[in-house]
Amino acid sequence: MNSESLTQYRFSFGPWNISEGGDPFGPEVREAYPHEKKFALYKKFGFEGVQFHDDDVVPDIDDQTPAQIEKQTQTLKKLLDDEGLIPEFVAPRLWFAEQTVDGGYTANSKADRDYAWKRTQQCIDIARGLNSKAIVLWLAREGSYIREAKDAKLAYERILEAINRMLEFDSDIEIWIEPKPNEPTDQAYVPTIGHAVALSYASQAPDRVKGLIETAHAQLAGLDPSDEMAFALAHGKLASVHLNDQNGLKYDQDKNFGSANLRAAFNQVRVLDDNGFGRAGEFIGLDVKAMRTQAGSPVTAHLENSRRIFLHILEKVRTWNRELEAELQNSRDYEALELAVMEHLLGI
Ligand code: XUL
Ligand code: MN
């Protein structure tokens, strides 16, 4: 491959990735870093895409009038333009407000479902105002804590209905579903990319419904993230990724990319790079969390390091001996193939 045919990757993360270090077991461990100052950090660390929740753009969105929402969206757009940053997507945060304790689109209460739709419309307006083409649906509380709490068939129908309503509400917007099998609910609807792709094909505009695959989410479903990515790529539906890592079936850890399973990380970069991901402007998103133990404010090492690890692994992918790989595939000597991968990764 000559260098001109190699993808030049662009990176993104969300302001929530520069966290203040709180967790469910204790208070924040470092001083809060002002939200509006976070944008000045992106370029410095080699990132040019910003991922948003609706209230990352418009704080306290539920208390704002439509005019205030529009004004704040324009203020943020100017900030992004001044910093030379691109808004990758906006996601409705349908898991904080009291109306979303039982979910948004699948809540049993009609009033709560109406709130979810209102919030979704506002989110699309914000995306439009920022000039971003994508809405990410991480369906946080669209699931149940006990199976009998909801009619699951009806819940899936309601999710599809919400998607169709969004597609109708805006004829350009794309919907990127980010599947996750659990947390905060015990059992989530749309737990894998297969479910998301099925919803896409069932929707009114399959070309505008795609997926965002997060490493840890696939691993929590007991699946191999690179195969999940391959599935979406085979259907032309991989819009974005949240690379990170996960050490077994625990809470969602959002560890540094490659830090728990280097070989799985190699295979994710391999499937992305081999299949031209990024050529149409897709971002490499890094959804990683700072360690609670890390001192300072802002804490950003996890973002810089995950990006750096991605680039090191990319080098490993691009220097992997493809002739040997083909030869060992043909001779079906997978023992030798495995050893070759391991020695390549170990630098031997
Ligand atoms: C939750 C998660 C979210 C989404 C955006 O596990 O990954 O941060 O990426 O809502
Ligand atoms: Mn994510």
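This is a predicted model: local features need pLDDT of at least 70, side-chain atom pairs count only at pLDDT 80 or more; totals for chains, interfaces and linings use all residues.
Biologist: Which polar side-chain atom lies 3.0 Å from an oxygen atom of ligand 1?
Modeller: One belonging to Lys 180. For His 217, an N or O atom of the side chain is also 3.0 Å from a ligand 1 oxygen. Asp 252, Lys 180 and His 217 are among the residues that surround ligand 1, and the list also includes Trp 16, His 53 and Asp 287.

Biologist: How do you know that Glu 178, Glu 214, His 242 and Asp 287 coordinate the manganese ion (ligand 2)?
Modeller: Their donor atoms, OE of Glu 178, OE of Glu 214, ND1 of His 242 and OD of Asp 287, lie at 2.0 to 2.2 Å.

Biologist: Why is the arrangement around the manganese ion (ligand 2) called octahedral?
Modeller: Because there are six donor atoms, and they subtend angles of 79 to 172 degrees. Six donors count as octahedral if opposite ones are over 155 degrees apart and all others between 65 and 115.

Biologist: What spacing do the donors of the manganese ion (ligand 2) follow along the chain?
Modeller: The pattern is E-x35-E-x27-H-x44-D. His 242 in strand S9 and Asp 287 in the loop between strand S10 and helix H9 are 45 residues apart. Both of these residues are buried.

Biologist: Why is the pair of Phe 39 and Tyr 42 called stacked?
Modeller: The ring centres are 6.3 Å apart, with 10 degrees between the planes. Pairing needs centres within 6.5 Å and stacking needs planes under 30 degrees apart, so both conditions hold.

Biologist: Are Phe 39 and Tyr 42 buried or exposed?
Modeller: Phe 39 has a relative accessible area of 2% and Tyr 42 has 0%. Buried means under 20%, so each counts as buried.

Biologist: What makes the pair of Phe 89 and Trp 176 edge-to-face?
Modeller: Their planes stand at 70 degrees, with ring centres 6.4 Å apart. Phe 89 is in strand S3 and Trp 176 in strand S6, so the pair ties together parts 87 residues apart in sequence.

Terms used:
Residues are numbered from 1 along each chain as its sequence is written. Chains are lettered from A and ligands numbered from 1 in the order in which they are written. Side-chain values use heavy atoms; hydrogens and water are left out. Donors are N, O and S atoms within 2.8 Å of the metal (3.2 Å for Na, K and Ca); water is not among the atoms, so sites may look incomplete. Four donors count as tetrahedral if all angles lie between 85 and 135 degrees; four count as square planar and six as octahedral if opposite donors are over 155 degrees apart and all others between 65 and 115; anything else is irregular. Helices (H or I, at least four residues) and strands (E, at least two) are DSSP runs, numbered from the N terminus. Buried means under 20% relative accessible area, exposed over 50%, partly exposed in between (1.4 Å probe, protein chains only). Rings of Phe, Tyr and Trp (its six-membered ring) pair if their centres lie within 6.5 Å; planes under 30 degrees apart count as stacked, over 60 as edge-to-face and the rest as tilted. A residue is near a molecule or strand if one of its heavy atoms lies within 4 Å of it. A polar contact is a pair of N or O atoms within 3.5 Å; within protein, one must be able to donate a hydrogen and the other to accept it, and residues adjacent in sequence count only if both atoms are side-chain atoms.
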